[in-house]
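Please open the structure in your viewer and keep the selection tool at hand.

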Amino acid sequence: GALNEVKPLKSIPFTGESGINYPSVEKTRKEVDAANVLLEAKKWWFDQFWDDDCVFRTIKETNLYVGTILAKPRPEKLHERYSWQPQWAIEWQPLTAQRVFRWFGLLFWMAQHKTAGEKELWSQQWFYKREGASRFMTFKEHQAMKAAIHFQSDNEGGRLDGVVKKIGVVMDIVRDNCKGLYTPGEHVALDEIALQMSASSVFKHIFRNKPAGQGLLFWSYGESAARSQYCCYFILDRNDGRANKIRSAIHELLASLPRKEGRKVFMDNLFPWTDLFQTLAAEGIYCCGTARPGRGLPASVEMCKKAKKSENPLKKQGDFVFAVHQESNQVACAWLDSSVVLGLSNFHAPDKCVVDRKKKGMAGKIEVEAPLQFKEYNKHMGAIDDIDRVRANCSTALRTYKWYHKVLYFLLDTCAMNAHHCWKLHNKGSVLTNMSRLMWLAALA
């Protein structure tokens, strides 16, 4: 690889502290230790994310919503063969905290027993019969909860994400709890999470290069280490085509990270700009990621992506070129792997290393040279993919025509995953930490 004349950047040590931020003086570590001998300790961790504010708001707004349904006059366009009001609303009993948690328990139980349809979980046929669904509530009660569940009035909205009706306030509460209960370590990944959805919403996106096809998009950052994942923060993206909305989303996401502690954020090529990395470096946040042409990279690096094969200075796998952005002293590089990849970092020195890569037509792997920043990028960038995979594995998500139900299921999955992470971290060194996600959901149910 060719190396321009650049000044090596100083190594940036991590000076922060990571771990659980215990909620309050009343719930000291000693009391939590004493509670951990009980099964309720697992539910206690979940309650720290889906807290009393969420529960009381759910009870209040759901009962108010059912009241408005019962108070409405019969719609003029409703055909005469249909009765009014809906039968589930007529039979509705005031919602209580016990019923809310029974329904959540049912959702966690259903996440472990996915079948072709929800109703089959209550079926008495020998092929589908399962023990457990009816111990939470009847199928009719479950359908009524799905129809009635509500979280806020229509004139309310969240602080971030623009005005999010239906569920924005609860999303703010859960997001603040995720941010406040745990401080991530040195390496953090920032990426997008796509939720498949066909319902209509101003937040609905069409994904051209994702398996989801269409649905909701969250910007998120988190960490994944030692088979444990934690989603630190997330923002729901509105499909409005705003200019510079990706930059503003990054600033909103990373605003919750402690500054000047040497924390490193890894991101894919959707996010990096040289001016954005310069601003974040001045704020004490260090970033690394793959990049796209036209994002302010030096011309000597960008031309490696655009040049013809005969004119490209990168001839074989493992060749690379370094350059430093003159204004910000950021290190940019182009590396030939299976194809040319561009990279940008505001904390790496222009160093090289050796990585194991596959080569077409050869068994096993071979050693090739690579810029150090790509080796660290490949090591730490997969955290959000791990978070999305773990969340989607045994997810509470059900088929629905209400878009905010998808957000509800995402919040419940995230709360369960983060609670599992904190519980394992609190019991570090114990055999209890070997509990799988399936067993964890069974305990929460």
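**The largest nonpolar core**

Begin by selecting Trp50, Phe218 and Leu411: of the 120 residues in the largest nonpolar core, these touch the most other members. A nonpolar core is a set of buried Ala, Val, Leu, Ile, Met, Phe, Trp, Tyr and Cys residues joined through side-chain atoms within 4.5 Å, where buried means under 20% relative accessible area with a 1.4 Å probe, protein chains only. Next, select helix 14 (residues 403-426), which gives the most to this core, with 14 residues. Helices are DSSP runs of H or I with at least four residues, numbered from the N terminus.

This is a predicted model, in which local features need pLDDT of at least 70, side-chain atom pairs count only at pLDDT 80 or more, and totals for chains, interfaces and linings use all residues. Residues are numbered from 1 along each chain as its sequence is written, and side-chain values use heavy atoms, with hydrogens and water left out.

Return to Trp50. Leaving aside neighbours within four places in sequence, Trp50 is in contact (heavy atoms within 4.5 Å) with residues including Phe104, Leu408, Leu411 and Cys415.

**Two packed helices**

Now display helix 5 (residues 97-112) with helix 14; their axes lie 12 Å apart, at an angle of about 80 degrees. The two helices are therefore roughly perpendicular to each other, a term for angles of 65 to 115 degrees. Select Trp103, Phe104, Leu107 and Phe108 in helix 5, which meet Leu408, Tyr409, Leu412 and Ala416 in helix 14.

**The whole chain**

Finally, show the entire protein chain: buried residues make up 51% of its 445 residues.

Methods. Buried < 20%, exposed > 50% of the residue type's maximum accessible area, 1.4 Å probe, protein only. Axes fitted to C-alpha atoms, helices over the stretch in contact; angles between N-to-C directions. Parallel < 35°, antiparallel > 145°, perpendicular 65-115°, else oblique.
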